[in-house]
Amino acid sequence: MNSTPKKTTVTLEDLLRVKRAERPPPEFWAEFEREMRLKQLAAIVEPRPWWAPFIRVGARIARYQVPVGAAAILALSFVTISEYRSGMAVEPSLTIPESSLARVSIPAPVRPEYVAPMQVAVVSAPELSSEIEPAAPVVVAATADTGTSSHVIPLPTMALVSAEPSPSARAIAANLEALRATDPSIIDEVFGRSHVALEVRQPVRDPLEQLGASRDSRRARLLAAGMPASSANNEFVPVSSSDRVTRSLTEERLYDSVSRVGVSGDRVAIRF
Amino acid sequence: MDAAKTLGKALVASPERQQEADSDIVVVRQVQAGDVAAFDQLVRKYRERVYGVVYHLTSNREDASDLTQDAFIKAFQSINRFQGQSSFFTWLYRIAVNSTLTHLRKQRLRTFFSFDKMDPEDTVSAEVIAALTDNTGADRGTFAHELQEKLNEAMQKLSIKHRTVITLFEIDGLSHQEIAEVMDCSVGTVRSRLHYAKQLLQSELQAYIRR
């Protein structure tokens, strides 16, 4: 005998209600209760690990991990920037006294044939002071025998020495003092001269190029032999000696020299 | 803020649920006062419902049994932290669902089905099975077994969150508000998940739906 009423439509909700009928048998609960009691007793006896509260706190914080992470990055950035700025604030600055400024004499570029000796004022070590005026421009004076032109080149502030000498600087100074006490001649020899005149080496020039304008005729005569005929009438162009030798070999002379040398088998014949 | 929250819950919760929550609070206070045996009342009252939720989420009776026991143990251990801001039932459900979700995430790659038998006395399931087998002439017992497998397969194809919502709403009969409290999300999220889960199940169980 079927007492269930007729049902024609079956919806998703009906199907899901079928799942409600999946139930454990009554004897299952007896077993469940027994196991539950054992676990309950075990939980009471078993000490909780010391890190258990931290897990709970961590789980709560995990919910806010994005804002907490962002705040941490922001704080780290602020700390880093403030540290960097404070480091910049105590950065030592070096001031060079005006008397110690480099004085450089360079040849004025007005006469290419004459190269004036260059004088360089070298700042000696003891003259370097840790207290150097800021923003002092370095004066570079260019002088020549024929004309003098002076240029003032403002250079950016130099930061060389800290306000307080470093340990290595103090050690060097102590060593120098000890050396000065024992053998002052070495100190004078090494550091005593504050001005060193440097003879600027003249650039290598072709000797022919160095001939004066009054000797043009002589130069022309000398060059006539070395220069090929085609270039004889051209303006003087400074050339290297190898070029001149190459140009002096005319084709005729070249063929002539070739014909003087003969090679046949294992013999070389040279005709004079 | 808390008062508004409580008022909101009171407006949503049905009178039966409210009465149930009040009686639970009394027992919880006894347990908190040191009457450990009083906790057994709560276990007996809610074990079937908690087991049902966990079973429908896992589709494995052994896992469901273990997870239900663990949920009660956790609730027992933490009962002193229960402040009564939500009902005990919601709090217990939250513990059970969270334990189950953690278990499912760990065991994502290995799932074994282990079903409880369908209750032959259940009228709703008998009606549905009768409607589905009337014209086909198939054996009802065999068909019920097949339908049970198909239903569980379809449920396991849902994501954990969608499965939870559909279990709590369609099988356990919780309201949207209660599900939102258990799952710690908004009512809108619950509705959205429910809609999506139903769509998926509809397509999976198309063969068994008769209009």
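This tour moves through a predicted model of two chains, one selection at a time.

Residues are numbered from 1 along each chain as its sequence is written, and chains are lettered from A, with ligands numbered from 1, in the order in which they are written. Because the model is predicted, local features need pLDDT of at least 70 and side-chain atom pairs count only at pLDDT 80 or more, while totals for chains, interfaces and linings use all residues.

**Stop 1: the two chains**

The secondary structure of chain A comes to nine helices and seven strands. Helices (H or I, at least four residues) and strands (E, at least two) are DSSP runs, numbered from the N terminus. Of the 272 residues of chain A, 4% count as buried. A residue is buried if 20 or more other C-beta atoms lie within 10 Å of its own, exposed if 12 or fewer, and partly exposed in between, with C-beta atoms placed from the backbone.

Now select chain B. Chain B has 10 helices and zero strands, and buried residues make up 34% of its 211 residues. In chain B, 69% of the contacts with a separation of 6 or more join residues 24 or more positions apart; in chain A, the corresponding share is 59%. Two residues are in contact if their C-beta atoms, placed from the backbone, lie within 7 Å.

**Stop 2: where the chains meet**

Show both chains together. How many residues does the contact take from each chain? There are 26 residues from chain A and 37 residues from chain B. On the side of chain A that touches chain B, α1 (12-20) and α2 (26-45) each supply at least two residues. The largest share of that side, nine residues, comes from α1(A). By class, the side of chain A that touches chain B has 11 nonpolar, five polar and 10 charged residues. Here Ala, Val, Leu, Ile, Met, Phe, Trp, Tyr, Cys and Pro count as nonpolar, Asp, Glu, Lys and Arg as charged, and the others, Gly among them, as polar.

**Stop 3: a helix pair across the chains**

Axes are lines fitted to C-alpha atoms, for helices over the stretch in contact, and angles run from 0 to 180 degrees between N-to-C directions. To see the contact, display the side chains of F32(A), E35(A), M36(A), K39(A), Q40(A) and A43(A) on α2(A), and of S65(B), Q69(B), F72(B), I73(B), F76(B) and Q77(B) on α4(B). This contact has six nonpolar, four polar and two charged residues.

**Stop 4: a helix pair within chain B**

Next, select helix α6 (residues 123-133) and helix α7 (residues 140-157) of chain B. Their axes come within 10 Å and cross at roughly 105 degrees, which makes α6(B) roughly perpendicular to α7(B). I129(B), L132(B) and T133(B) of α6(B) meet R140(B), F143(B), A144(B) and L147(B) of α7(B).

**Stop 5: the nonpolar core**

Select V50(B), V53(B), V54(B), L92(B), A96(B) and I179(B), which touch the most other members of the largest nonpolar core, a group of 54 residues. A nonpolar core is a set of buried Ala, Val, Leu, Ile, Met, Phe, Trp, Tyr and Cys residues joined through C-beta atoms within 7 Å. Helix α3 (residues 39-58) of chain B gives the most to this core, with nine residues. Centre the view on L92(B): not counting residues up to four places away in sequence, it touches Y46(B), V50(B), A71(B) and A75(B).

**Stop 6**

M155(B) lies in helix α7 of chain B. Not counting residues up to four places away in sequence, M155(B) touches H56(B), S59(B) and R163(B). The C-alpha atoms of M155(B) and L200(B), 45 residues apart along the chain, are separated by 9.3 Å.

Move to S59(B), in the loop between α3 and α4 of chain B. Is S59(B) buried or exposed? S59(B) counts as buried because it has 24 C-beta neighbours inside 10 Å. Its phi is positive, about 60 degrees, although S59(B) is not a glycine.

Finally, select D184(B), in the loop between α9 (176-183) and α10 (187-204) of chain B. D184(B) is not a glycine, and its phi is positive, near 55 degrees. With 11 C-beta neighbours inside 10 Å, D184(B) counts as exposed.

Terms used:
Angles under 35 degrees count as roughly parallel, over 145 as roughly antiparallel, 65 to 115 as roughly perpendicular and the rest as oblique.
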